[in-house]
Amino acid sequence: MDASFPLHLIPLLPLLGAIINLLLGRRLGKGAVALVACGSVAAAALVATRAVWVLGTEGLPSGALVDRFFQADWIFSSGDGLDLHVSAGLMLDRLSAVMVLVVTWIGLLIHIYATGYMEHDPGYHRFFGYLNLFMGAMLILVLGDSLPVTFVGWEGVGVCSYLLIGFWYAEDKNATAGRKAFIVNRVGDFGFLLGMCLLFSLIGTLKYSEIGSHMQTLRQPLWLGWPAACFIALLIFVGCTGKSAQIPLHIWLPDAMAGPTPVSALIHAATMVTAGVYVVARTHVLFDVFPTSAKMVVAGIGAATALMAATVGIVQRDFKRILAYSTVSQLGFMFVGVGTGAYAAGIFHLMTHAFFKAGLFLGAGSVMHAMGGEGDITKMGGLGKHLPVTRWTFFIYCLAIAGIFPLAGFFSKDAILAGAWAARFQLARQGFGPFSVEWVQHFTQDIYPKLIWSLLAAAALCTAFYMWRLYFVVFTGRFRGTADQEHHLHESPPEMTVPLMVLAAGSVVAGWVGVPAVMYHEGDWFGAWLAPVLPPPAQELSHSVEWGLMAVALCLSVIGIASAYLLYYGGISEAARRAAQILRPLYLLLYNKYYIDELYDVVFVRPLKRTAWFLWYVVDAFFIDKVLVQGWAWMVSMLGRAVRYLQNGEVQRYLVGVLVGTAGILWVTTTLPPRRAAAFRLSQQGRRVTLEAGGGSSRVGLVYRVDWESDGKWDEVDTRWSTLTHEYPGQGTYKILFEARDPRWGTSSTRRRVVHIE
Amino acid sequence: MSFDLEDLRRTAPLLLLSAAGLVLLLLEAFSRVRLIGRHYHKKLPPETSEAYAVPLAGSRTYLMPLTVLFLAAALGLVVWLWPEAAEPHYLYRRMLVLDRFGLLLSGVCITAAAIGALGAPAYLREQRMEFGEYYALLLLSLAGMVMLVSAADLVSLLLGVETMSLGAYVLTGSWRRSPRSSEAAMKYFLMGAFVSAILLYGIALIYGSTGTTELAEVRAHLSEMRSAPVFYLGMFFLLAGLAFKIAAVPFHMWAPDVYEGAPTPVTGFMMAAVKTAAFGGLIRLCVGGLTSGRVPEVSTGPTGWVNVLFVLSALSMTLGNLAALRQENIKRLLAYSSIAHAGYLLVGVVALGVVGDAARAPLIYYLLGYAVTVVGAMAVVAALAMGPGQERLPIEQWAGLGQRHPAMALAMTLFLLSLGGFPPTAGFFGKFYLFRAALQNPSLLLLVLLAIVNSLVSVYYYLRIVTAMYFRTPQEEEVEGHVPAAQGALRLAVLLAALLVLGLGVWPGWAATVAEAAKLAG
Amino acid sequence: MSWILTLTTFLPLLGALVCLLLPREEVGLLRGVGLSVALLTFLFSLGILSGFNGQTAGFLHEVDLPWVQALGIRYHLGVDGISLWLVLLTTFLMPVVMLSSWSAIADKVREFTVAALVLETGMIGGFLALDLFLFYVFFEVMLIPMYFIIGVWGGERRLYAAIKFVLYTMVGSLLLLVAILYLYVKVHQATGTWSFAYADMQRLVLSEREQLYCFAAFALAFCIKVPLFPLHTWLPDAHVEAPTAGSVILASVLLKYGTYGLLRFALPLFPHAVAEVGPLLAALSLAGIIYGSLVAYAQRDIKKLIAYSSVAHMGIVVLGLLMLNTKAVNGAIYQMLAHGISTGALFLCVGVLYERRHTRRMEEFGGLWAQMPVFAGFFLIFTLASVGLPGLCGFVGEFLVLAGTMSAGRTAFADVPLFGKAHLYAALAATGVVLGAVYMLWMFQRVMLGPNENPKNRKLRDLTLREGMVLTPMAVMAFWLGLYPATFLRDMNPAVHRTLVAFKEKYSAGAADAEPRMLGQDKNKKEEGQPPAKQDKEEGQPPAQQPAQPPAASPPGTGATP
Amino acid sequence: MLPLSYFNYYLALGAVLFAIGAVGVIARRNALIALMSVELMLNAANLTLVVFARAQHDMRGQAVAFLTIAVAAAEAAVGLAIVVGVFRNRRSTQLDDLTMMKH
């Protein structure tokens, strides 16, 4: 049963804040703008918490709070057997409760941080207007009760990220980064839109609650034997890769660092990028269909992205770029969690990651704030003494993300690793070409999950290594920047450091919510909270295996940190430089992000420009316009010129014209008809041959003669009948002579035809 | 055998016009004139001759109103005879016939002549060729037209054509000061005479083969004509003669030169009235004389007149439009456009042969619409083209006229749109009405499509003039002092024509019903 | 006989005549009269809304008087769900266009006001005409004022663009005339009466081949107007050379005549030809979407870019129309409205820029956001609307068309082979969404974002009050169309359903064999009351009554009749 | 009534005269000669008319012949007047010179 609750207030408040700031911001002054911005988000947070409280206490565990903001349909079209009714409805169930809390509270913290960070920026009111707009759109995305409403939020956040990345539009590279983000998101949205339309075309409704009841139709094979649900799931997953920066469409996130740091923290760490994971979790019904190819793809891409991003993160020099690749990698982890069926683990990691990743970015912000905007870590060093609070909060975040025991990272990452290890996919009942059924079964059940686990383990190792490399290079050793930078080094103001501390506390505490059962029997409170909404993981692991996995994970983290300590403590050590020299090609490959950007440029961007140019200059401007359109005009005008010069002014030539004209008409009307009539049509039935004169209506008044055996003697003379038949006695080939004559003028024409008689 | 007075009453318009012509001649004879030598007109081309009579300025101002009065009276007579002409009466021993078709077409000719005459004095005074005979010739030529249109006998057909043409030859050459006018007259006369000889020879042959020159009789004798080749040759010569008059290709070569050379009001008169009368004669001949149910091959046979006119129509439309495309001189452009319109009208005549009586009303409506449009257009050309020395004919010189003479330019645009066949005008409804009749017989679909393509091509050169008038900026400054003498009369003429064109376009109902009622004798 | 339609149609013409009489020098007065007449027409057009309550399927406010009795031509106006919003779009845009051209049109103001008002009469009349002859007259009447607007007040190559525009459209409309005449003659053969009425034409059943030829003529005429892919080369020239007001009217209303004509005349009259030629047109529209977007990406002139974007948007509309189910057709009509608002507004923005810098080339601009923040806001809203952001006008139409295309296989009103691969068509059409973002944002960045190096752009002043009053209603409509589409869909849906049911009824009735017959008349029995040499009908003959529209049994499935 | 073939020679004469007249108009460059040729053509037509009238014993043809003589006279008068007009302007009556208006 769904209780109703004024959910529309949650997205509406930030939107109102945005409108006020954008329209009236210039006149309100910085204080008022900040108040309106943070106030609206705080109010939204309170309402959200109240809603989650109501959801938690009353109502059934699997129920949801529903709010139909408009009673009438938003978009509707009926009458052709498959009526489309899309209404602007909002829904809060246990899954979206987690998301709402994360978005609102962490969003609030970042808003407060931003009031300090953006202190002396001229576009102050515009920034907070966009930020509130983003919050509104994100809340619509999370609270949407059907795919179209989610899609509205989906595109809304895409636009806000475009505006915020390109916030300092004065430089071209920021604007280009914003545009790149929006277009890559748009490619993702292309997939999401198609998935939505395909789903609608099959079951006629798009509400999450109703998708479950139509699973029967979705299992029917749509194409190549795969069920429709698989295709829809994959299409939606394309949308998610676009939004959550997974392998094919991840190139926009590192460039998105061009935006202000609070933006990176809010959008590109905590909220927007996680929308993909949320949507996959929300539509888990589609992914759980029998041949779990969709889930295998999700897990595969997640793992690959995790490792790729982690390896690239190792060699980067820019502070925020390292964190960006870290986010991509952690998102990979979440997708593996969701992909392998451990939905709760995925969402749990999403929640914990929001805390420490937001903290990391804010820390980076305060460092760059102190360093006067300098982002290259090789020019920093030894900042620990100058920024104590930032340093110690950074220390906690690094521990958390590396996955050290008591902190959040350990529990959520471990849950995902366990889920990966225990995953069991079913691909198909019959073999694929050379592979027998058993081998396929064996592969999907054992080899593939283990492969994913090992990729994740390697990614975890790299994560620990590059985070602590960052920590040691920035906060330990001696300062490598310029003198006046060192002179300016100062701790950030309280409205920046307080959120850091809160997030640090969160990074520690957040993990305890989901302690795995094996350690503490009902410790997995978070899993229990999500159990009624999301399906449980495929099957349980034995205790010994779980302990073993935890131990392995912990060891990997420790090894990562230790090696980072050896190589980078007190600045980049000599050993690190020599390693970079020896592995030069590998170093370059990683530093240039596996050359994926250049690949896309060569494969997509440049050909697009060239075909555009070709289509415009060659096809449009020349072929269609010049040749087809103006060609005709030129031809007609040439004809006109020719006709005009016929008239040279001499009277006698005109008179000749009159005579020639009369003669011409005489010729046309007298000799032409017989000629057309003579072109007869011959039809043959065995020995009977019939002859039918041509020329249609213009053969009135003509006479015909025919000589069947061309023996010089006209068999039929001057008959008026235009159809003549003849019965040939014997076999053989005969030549028929046919003549049509106009008796009035004596003009005639003859045709002869050879005919074979059996 | 008595002379029936009734006949006189029934040919009242014809008689009135002739009498009016003579009266004007006499009036002209008694008005004052001054002999002058060459030195007076310095601007004349060197080779012009010594001395000739030049009418005193202002001595002829009363002639135009008188002419218009006579024309109005003639029109009144036409309207008066209209109810009586419900069923045809044969006059003068079956030489002429009084029927609604003849009356309507003569009404059209008279209206066109009246509008043309209204606009004439301004132009004539400007070009200093003010003389009375102009109006006399106009009326006499008009009398010829009325006779041609209501001819029931080949001989009266010939006489009508001759009277009309002779008047036209002299009018064309009446602009003594311009060498072009005399050259045009010479060409027009020579070809006209040559073709009227052919016409006469045709009549002789037909008389020979059918034994009579009366159209109704000819039709009766079609089944048992004495010798077919003679008859068909005679028919061809008759068709050739009339095709020359309506300037259908290949008999069109005279038209551009003559229309360009003749003074503009005369060109307007020739384009509108002469062409309408010629078509009237052609319809009389083809429908009245050469179509009979029992002998279809004379009309729709391979050598029948429908085939001949089909070819003429296709040629005229195509060549007329193509030649007009690159034309620079406005009068020559409108000449070629009138050849093209002869082609469209021939589609109607062909439809008369193929579809029968359904095509008669559209043809008459199109004739009315076309005549009014062309006479209006030429009146505007006369008004706008009046430069101090040379007439402003090349289209470049029309640049920017939209600014300087907005009213005239707007009227000209309306006329051009009507010629091009754009909706709210008479031209469009005419074409629609004509194609509606033609399309009832699938064999004409090809001709209609050709007409459609041609009217598309024609839109280009009509809009070229509009483009020049409105979109281009004028090159040389208008000589301020010189305000064209086109006062009230010419403006009234243009206004009348414009109102008729627009009225026929927006409320074609009444014109269509009148055209429907205009039955053909026999 | 309600007079509302006649008044709305001919009020602008009245205004034009009044302006003709005013002296040429009184520029202020002329502009005032022009604007007030346009506003008055808009108020009257709101009156048309009165009859609509979401259930009306048939035509409302019908006016049916004989015009040329002898030929069966009737002055027959009527409005239904489809043409309602197009008329209101026209009357809504005219005051905006008049206001926006106060500064743009400096010379010959009287002629401009007259041309614009005559054009408005033509446009409104065309949408309301239910007599094919009357439709053709209005279809042509629109051509001349547009020709003058482009030709007199246009840019450098205005002559070439104006002539090309007229001739290109004339090719189509002359073929249309022949097709209409052919139908007119066939109606006479089938029923014995001369009539151009839309109801009679709809009930006329022709043979397979005749339908194909007539449909080809109709489709060519309207596809030139749309413009569909290969026939579109007149659009960029016409747009670039036309003044701002001309471009807005051309983009927002004249293009809609193509698609409106297809939906109202081409589809219902020749169902079998649609089934046959549908796949080709759909393929062309898809090509149009992708081709239009790509070529737009290669443009240096903003107006040309927006012109090619119109080719892409209208490609989506044509695709929607050809899918023959209520969702896709509703989406198509909605996209027409949305495109009218978004592209019209974009042209207004370009007009604002043109008035300041007298150039339209992108490299001349750059970094204008700092200079003109308010203008930047409006320009951003309209760019995003054109890209199809949900919440703005572009999304609803696209979503409905894509949903309709995807589900065409199961829900179409005629079994066309095309719907087998409808999924593929939907996928290709959806690429338009991505390409749209590519070139629009690329243009937006080149013009508004980035550093402001060009010295000439230093001191551009922001929007004046008048320009603000021009752009604000457009922005309001963009949001209204995006956020609350029910107001528009409520009336479109029943009309579209009725058209498609009529289409299905005629499609299933099969094609005539040799000579034409009317729907509901069985093949052999000709209507008795038709003696061969038939005199034309006298005054008293009531127009051929259209059989009462039976409550159409909707096709299989749950579709409850509205 | 005599068969038509009896009059072949007269008809042939008429046709030949007609042809000569036509060639005269086209070939000769002098305007006056052209006028005379036209008169010749008209008389050829008259001859044919009279022959046919005789063949059918019907006076109509001969009446028409009289009419045509009057018409020919009128035409000659007008033609000469125009030739005089051209001569006054051009000092020459050669038809080849009259090419001021072309194309």
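How many bridges join strand S10 of chain A to strand S13 of chain A? The views below take this up, starting with some notes on reading them. This is a predicted model, in which local features need pLDDT of at least 70 and side-chain atom pairs count only at pLDDT 80 or more, while totals for chains, interfaces and linings use all residues. Residues are numbered from 1 along each chain as its sequence is written, and chains are lettered from A and ligands numbered from 1 in the order in which they are written.

**View 1. Strands S10 and S13 of chain A run antiparallel, joined by 5 bridges.** Strands (E, at least two residues) and helices (H or I, at least four residues) are DSSP runs, numbered from the N terminus. S10 covers residues 703-707 and S13 covers residues 732-742. Look for A:Val703, which stands opposite A:Arg741 in S13(A).

**View 2. Four strands of chain A form an open sheet in the order S11-S10-S13-S14.** The pairing is antiparallel; two strands pair if DSSP finds at least two bridges between them. At the edges, pairing on one side only, are S11 (716-719) and S14 (747-757) of chain A.

**View 3. Chain A meets chain C through 46 residues of chain A and 53 residues of chain C.** Residues are in contact if their C-beta atoms, placed from the backbone, lie within 7 Å. On the side of chain A that touches chain C, strand S3 (75-77) and helices H5 (147-165), H6 (172-203) and H26 (596-644) each supply at least two residues. H6(A) gives the most, with 15 residues.

Notes
Two residues are in contact if their C-beta atoms, placed from the backbone, lie within 7 Å.
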